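Please follow it with the coordinates open.

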Amino acid sequence: MDETSRKLVRYALRTRYEDLAPATVAACKSRLLDTLGCIAAAYAHPVTMAARTLAERYRMDVNATILGSSREVAPEMAAFANGVALRVLDLSDMYRVKSGGHPSDVIAAALAASELGQRDGRSLIAAIAVAYEVYCACCDGIDLNSQGWDQPVYGVVAAALAAARLLALDEARAGHALALALVPNMAMYQTRHGELSSWKGCAAANASRNGVFAALLAQSGFTGPEQAIEGKHGLWDAVGQFEWPVKPGVATRIERTHIKCFPICYHGQSAVWNALALRDRVRVEDIEEVRVATHKTAFALMAHAPSRWAPQTAETADHSLPYVVARALIDGRVDESSFVPEALREPRVTALMGRIRVAEDPALTARHPEASPSHIEIVTRDGAKIANDVRYPKGHDKSPLSAAEVEEKFRSLFAHYGSPAQASRVVEVVQGLESVGDVGALFEAFKKNRGER
């Protein structure tokens with residue numbers, strides 16, 4: 001095992017629940033509740049249903065739970081199905097420094113592994129905190145995305161180490177799990193370019209699946225390449241040498257992740273808030289031009305490609321700045337209904353998108369990633385101008401949602417799936433998770449009771 005792998009393994013296995021600050025524990029519970037809301041709202045989504053149907057074809061002698069389903073499936077397939085559900089609406093949390101992604105993806109792996117190993121709530125909380133730290137530390141250490149590598153590269157490492165911890169693997173086997181996760185599963189950033197496919201919401205779920213499978217392989221005695229990160233043809237050879245900055249006993253990066261308010265690419269959140277702030281000050285039919293200024297990453301992901309100006313899929317539309325700004329101005333909201341097929345073809349939206357201009361502003365780029373800024377100026381047909389700026393969209397770690405607001409988001413999302421009484425049961429389990437002796441209580445709370453919607 002190379003030194004970076006050893007550092008990550010020791011960090012993952014030796015960080016204890018008792019090392020976690022109260023704020024970190026609270027952040028773990030809020031991210032878990034937010035994730036469960038995303039899963040509930042996406043339960044009937046076609047891609048979620050397809051993932052669930054596929055997963056239900058796979059069973060072992062020891063299985064794990066698909067949230068909301070009465071059937072247990074092979075653990076890695078439970079991680080995949082739950083991972084698809086939590087990401088497919090693009091409402092899960094986000095983190096970006098040099099690289100970026102959605103660290104709550106690793107919760108799918110932690111949930112599956114918790115059913116097989118250390119089943120108490122404190123173990124699950126610690127595994128989530130450790131997985132977030134490993135994931136986000138890589139984002140701090142190197143820009144893999146601009147080199148063509150996608151977020152599952154660090155997601156699969158975080159998932160494998162969370163699973164290894166919950167399965168109580170020793171350091172040697174956890175090292176093999178890391179290697180068996182990373183070496184076969186380098187994911188390409190092509191996933192997020194061009195007309196986006198359903199795989200956009202599945203790639204990180206696949207990382208959770210592969211992370212759990214790697215831990216199960218290691219538990220069964222399989223060995224992995226011994227120099228997965230630092231060796232010849234290892235990760236450093238592919239991306240360059242970098243420091244993966246984790247510190248023993250410290251797991252605070254989860255507190256700095258951003259929670260989304262709208263089901264769109266995070267880099268469009270501030271633009272939607274801007275559009276909503278301006279909407280009551282102008283009639284759509286009076287708009288001559290909408291000028292959106294944003295930072296470089298937002299422009300590259302949400303406005304540069306031609307597909308972002310004529311989105312044909314929901315996955316592309318929720319990554320289109322002109323589309324989400326137009327929807328906000330016309331509807332006064334951006335939610336799941338904004339991305340149904342008939343919404344994508346609505347003539348009013350197409351017409352308004354034609355009057356939207358998007359440009360990178362170097363001054364805004366200089367503020368990112370510390371902030372996620374945008375500026376919108378609307379010019380009316382009579383020449384009047386109105387404008388608004390947002391530096392930290394609601395949900396950003398510098399403009400955070402309160403615990404009550406996270407719960408409100410969860411209940412709103414859960415209403416698509418179950419009753420208010422059932423939502424309260426899930427909230428109760430999550431809020432008291434550190435006292436839960438068996439995570440089965442969480443899956444039971446999420447399961448629909450007969451007669452409940």
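Tyr43, Phe410, Phe414, Tyr417 and Phe446 make up one aromatic cluster. Rings of Phe, Tyr and Trp (its six-membered ring) are paired if their centres lie within 6.5 Å, and the planes are called stacked under 30 degrees apart, edge-to-face over 60 and tilted for the rest. Arginine 52 sits over the face of tyrosine 43, 3.8 Å from the ring centre; the criterion is NZ of Lys or CZ of Arg within 6 Å of the ring centre and within 35 degrees of the ring normal.

The model is predicted, so local features need pLDDT of at least 70 and side-chain atom pairs count only at pLDDT 80 or more, while totals for chains, interfaces and linings use all residues. Residues are numbered from 1 along each chain as its sequence is written, and side-chain values use heavy atoms, with hydrogens and water left out.

By the ring-pair rule there are nine aromatic pairs. One of them joins phenylalanine 242 and tryptophan 244, a tilted pair with 5.8 Å centre to centre and 35 degrees between the planes. Phenylalanine 242 counts as buried because its relative accessibility is 8%, and tryptophan 244 because its value is 1%; buried means under 20% relative accessible area, exposed over 50% and partly exposed in between (1.4 Å probe, protein chains only).

Tyrosine 323 and phenylalanine 339 form another tilted pair, at 5.9 Å centre to centre and 45 degrees between the planes. This pair links distant parts of the chain, 16 residues apart: tyrosine 323 belongs to helix H14 (residues 321-331), and phenylalanine 339 to the loop between H14 and helix H15 (341-344). Helices (H or I, at least four residues) and strands (E, at least two) are DSSP runs numbered from the N terminus. Tyrosine 323 is buried at 1% relative accessibility, and phenylalanine 339 is buried at 9%.

Threonine 191 is found in the loop between helix H8 (171-182) and helix H9 (203-219). With 16% relative accessibility, threonine 191 counts as buried. Beyond its neighbours within four places in sequence, threonine 191 is in contact (heavy atoms within 4.5 Å) with Asp150, Leu196, Trp199, Lys200 and Ala203.

Strand E5 (residues 287-294) is mostly covered, with six of its eight residues buried. Strands pair if DSSP finds at least two bridges between them. E5 pairs with strand E7 (residues 374-380) in the antiparallel sense over seven bridges, and isoleucine 287 has threonine 380 in E7 as its bridge partner. With strand E6 (residues 356-360), E5 pairs in the parallel sense over five bridges; here threonine 294 stands opposite glutamate 360.
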